[in-house]
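Subject: Handing over a structure

Hello,

Here is the structure I promised to pass on. Please open it first, then read my notes below.

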Amino acid sequence: MTILLGALGLFQCAAPAWALDPNVALVQLKHNRWIAEDGVPPGIYALAQTPDGFLWIGSDAGLHRFDGVRFELEPVSAGATGNEPVSALMVARNGDLWIGYQSGRAAVLRGHTLVDRSPPSSDRWIFRFVEDRTGAIWAMTGNTRHPLMRFSGDRWEHIGADWGFEANYAWSMAEAADGSLWLGDRKRTLALPPGQRRFRDAGIATVDAQGDNFGLGTDRAGRIWRSSAFSGTRRLPQAPGGAGELPNAPAVPVASAAHSYRTFLFDRDGALWGVTYSAGIYRIAQPQSLYAGGHPVEESFTAKEGLSSDRAQAILEDREGNIWVGTSAGLDRFRPANIRPATNVPSHSPFGYVLMAARDGTVYIADSDSLFRIAPGGAATRLLDGLKNPQALCEDEKGIVWLKTGDALFSGKQGRFERMPTPDKRRAALDCVATPDGKLWFSRVSGGLMRYEQGAWIESLADGPDGPLKIPALIAAPGGGLLAYMRSQGLMHLTSSTPRMLWPNADIPGGEVMVLYPIGKDVIVASLGGVARLREGKISLLRRQDAWLQGITGIVESQDGHLWLQSRAGIVRVPLEAFMRSFDNPLRPLEVEVMNFDDGLRAPPAPGYARNSAARGGDGRLWFLTTDGVAEILPTRLARNPVPPPVKIVGLVYGGRKIRDPGAASLPAGASRIEIDYTALSLAVPRRVRFRYRLEGVDDGWIDAGNRRQAIYTNLGPGNYRFHVIAANNDGVWNKEGATLAIKVPPTFVQSFWFKALMLGALALALWGLYALRLRYETARLRDRFDAQLAERNRIARDLHDTLLQGMQGTLLSFQALASKLPPDAVLRQQMERVLDRTQEAIREGRDRIHLLRDPAASTMDLSDYLRQYAQEMATDHQLLCDFSVPHPPRPLNFLAYEELRQIGREAITNACLHSKGTRLDILLEYGNTAVVLMVQDDGLGIAKDQISTERHWGMSGMHERASMIGARLSVTRRPGGGTEVRLSVRADRAYPAPGS
């Protein structure tokens, strides 16, 4: 005997979510499926959803988790071998995931840890788990000696005769609101009252003597239901043997006798969903109506309708209200569809459809051979059949509906139609328009315009240069007459007078007008390439490049002030007033919602014969024509998903290694490229989930990632980073908290502080070396200059000695000879001897100067002694008090510095004695480690500001020139208390001889 293996996982969520409208047929819901080629594991037996939002799948291929996009195999641990087949899943109230294996083993996944919880005597499949309100876990197994077990207090207990259970098989279990447990063993329904340890027989007979794998479930009120392939679905009494449980108690009859091995659940709206072993799934939309005089029915959905397999084995309602079904061949999802196929209207029509809304709110739809009427709030009913290719529908001012087919003309009112007389010659129509003057106009398929009057066709438009003019779009103009688009001509206003061109064909984007839709006195003109507005005879293009404006085939207004456009992008919802204002201000943002195949649209738009493929009924429902049927939208009951998606970081890749579900990461030193995988657990429309992320420390703001689920960063430096990702569900509801990941990237040695300090020291050393080299170079260059100057001085000294001094010495001897001939007491002789003495002194001084020029060693003489002696002589001659101070021991100076300091000091002392008219002279000579400083001060009149830098006043220019030659700073200032200060500072490297020289 083949046994169905199923799992019932019902995830309760306190947050509100969208609902599956019980008034909508099962086939009208949005259905998606995943099969082997999509990566789904084969042979699904169990489904569950953990609090983090992941959908868990137990199958022949092991345990997988699904985020709506990726199927991931859960790593094996806790004694499992390979990808051990899973047969049961359940999420406990504490968030633990219980896993039952086909081998009879059991385990609990707690976080990332898998804990073994295998029953000691189980060696067969675990069918399902149930947690009661005490926290005990009940397991139903395939072991006929231990079919039912209970886990409590960290140990398993066999449930047998001492519990009042003597069967060798247990299939289903449910807990009632009062805490009682109900159990099905194929032949009996048992109940365990709260606090007791013995099951009681509920006294419900099994129809099939071979047994009945019926399902038990709990509705939203906590009442127990039983669903059987033989006796149908019904509610059980609140207590075993209670009143109302009679053999003929009402039940919802089964849709198919093949609906065996049942497992079911109640969704959040009270609808009952079940899976069967061989007949797909079933749904009872309003089972409670069975006890309120209603007649609920059991709907089926099988492989014929698109289910991945008729062998459905697991069912789950997720946190967003989606229904998931696991089958032997795949995974299926059912959710609300905002765009639904119209019921009772064929989904295929060889010649397309024609659509029209009458003023009384009735909608008329014609396919290739029938006419349907949809009254406000009602379903489609067939009015006429056997028609030959219906072509045009319109309503005149009296409320009469006109239908043109390929061979006849019908008129009707309130659902009653009659055939109107027409000429024998058939004429095919493309569209139909009734004007306020009572005239009925038809555009012809072959071209031209005709009017129907008293059983006759009247041609009403002259042919063009190439024959009859084809009119794909025609409406009654708001101001009277007709508004017609004539192919190859353009948009024209037709009146009794001459037709007027409004928009030449050459100016129309895309080259053809598809829809003309009046809004008040304006007309929306939709062409293949865009949209325009006709106002008071003037055309204004909507200068936007949005894809949803391309290829519009239908336009309609809803009662809530929105405009709906059917285009290549899908069905578009936009606020009407904002849309009309955008013609004048196209840059203004528009709140646009595009509905497409994810919202239930099953086929692209098809204009058919009616040039506007959209209409609104009196109940507010909107109708749209597609290539595969007619779609309806109820704007006041659009399904919205209010549940923000849980966000999770699922992977971190670096250097060829991947960390799964990282909590925090410390990467190896030098890691610079990372890939971060993240996801959002919104399972309704995963492709519409939007993400934003940022890496704090790298990104200045949020990165809009669209629906991409991976972030890549390169060239990361060492440091601490924080990755933050947030997400929005398919309806734009954001989870702004999101998920975060702390990432630490340690530095390599070359990125470390010590390496940087070492490099900084090396750089400083290199700069010091360069400085030393530069200093050596400058010193050598300066020495070369000194040597050149010395050579030049030697030459000058030789020339002076050999010429001037020798000549003066000869002249002096001649004057001495002459003087000696005069009497000793002669006045003239005395005068000549005084002149000769001064001349001899000048020759001696000149000889000393020449000696200095020729002997650089003479520059090592003590500068302080020279300046002290000179200052005292000058001060004595000019009656000044002199104070000469040398605070540090004198040091040798290089020749150039010595000479320039001596000359500048001599000049400063001379100026002070000759011109200051003071009474005191103070001199400071300081041999410092960083500089040599010479300062000369007097207490005289003080030098005038305009005389400091003039050449004719006391050699100022010469002093500055000498200072610049040795790179010294010279300042001559007027002292605040009177007098003048001359200050000269020479850097040590310029004043003292170089070491070793």
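First, a term for what follows: contact means heavy atoms within 4.5 Å. Helices (H or I, at least four residues) and strands (E, at least two) are DSSP runs, numbered from the N terminus. Buried means under 20% relative accessible area, exposed means over 50%, and partly exposed lies in between (1.4 Å probe, protein chains only).

This is a predicted model: local features need pLDDT of at least 70, side-chain atom pairs count only at pLDDT 80 or more, and totals for chains, interfaces and linings use all residues. Residues are numbered from 1 along each chain as its sequence is written, and side-chain values use heavy atoms, with hydrogens and water left out.

**Helix α4**

Start at α4 (863-877). Its buried residues are Leu 863, Ser 864, Leu 867, Tyr 870, Ala 871, Met 874 and Ala 875. They cover an arc of only 140 degrees around the axis, which puts them on the same side of α4. The arc is that of the directions from the helix axis to the C-beta atoms. Thr 876 and Asp 877 are exposed on the other side of α4. What covers the buried residues? The cover includes β66 (881-885), α5, β67 and β68.

The length of α4 checks out. At 1.5 Å a residue, its 15 residues should span 21 Å, and the end C-alpha atoms are 21 Å apart, which agrees. The expected span is 1.5 Å times one less than the number of residues in the helix.

After α4 comes Gln 879. Gln 879 sits in the loop between α4 and β66. Its phi is positive, near 60 degrees, in a residue other than glycine. Most residues other than glycine have a negative phi. Gln 879 counts as exposed, at 75% relative accessibility.

**The cores**

A nonpolar core is a set of buried Ala, Val, Leu, Ile, Met, Phe, Trp, Tyr and Cys residues joined through side-chain atoms within 4.5 Å. The largest one has 39 residues. Those with the most contacts inside it are Leu 863, Leu 893, Ile 909, Leu 921, Ile 923 and Leu 984. Elements giving two or more residues to this core include α4, α5 (895-915), β67 (920-927) and β68 (931-938). α5 gives the most, with 9 residues.

Leu 863 is worth a look. Not counting residues up to four places away in sequence, Leu 863 touches Leu 893, Tyr 898, Leu 901, Arg 902, Leu 925 and Tyr 927.

**Sheets and a hairpin**

Two strands pair if DSSP finds at least two bridges between them. Inside it, β16 (181-184) and β17 (189-192) pair over 4 bridges. Leu 181 stands opposite Leu 192 in β17.

Another open sheet of 4 strands runs in the order β50-β51-β52-β53, also antiparallel. Its edge strands are β50 (554-557) and β53 (593-595), and each pairs on one side only. β50 and β51 (562-567) pair over 4 bridges. The bridge partner of Ile 555 is Leu 565 in β51.

β36 (409-413) and β37 (416-420) pair in the antiparallel sense over 5 bridges. Leu 409 has Met 420 in β37 as its bridge partner. This hairpin has 2 residues between the strands, and Gln 414 takes a positive phi near 55 degrees.

**Two asparagines in loops**

Asn 389 is found in the loop between β33 (380-384) and β34 (392-395). Its phi is positive, about 55 degrees, although it is not a glycine. Asn 389 is buried, with a relative accessible area of 16%.

Asn 612 lies in the loop between β53 and β54 (614-616). Buried or exposed? Asn 612 counts as buried, at 19% relative accessibility. Leaving aside neighbours within four places in sequence, Asn 612 is in contact with Val 515, Tyr 517, Thr 553, Gly 554 and Ile 555.

Best wishes
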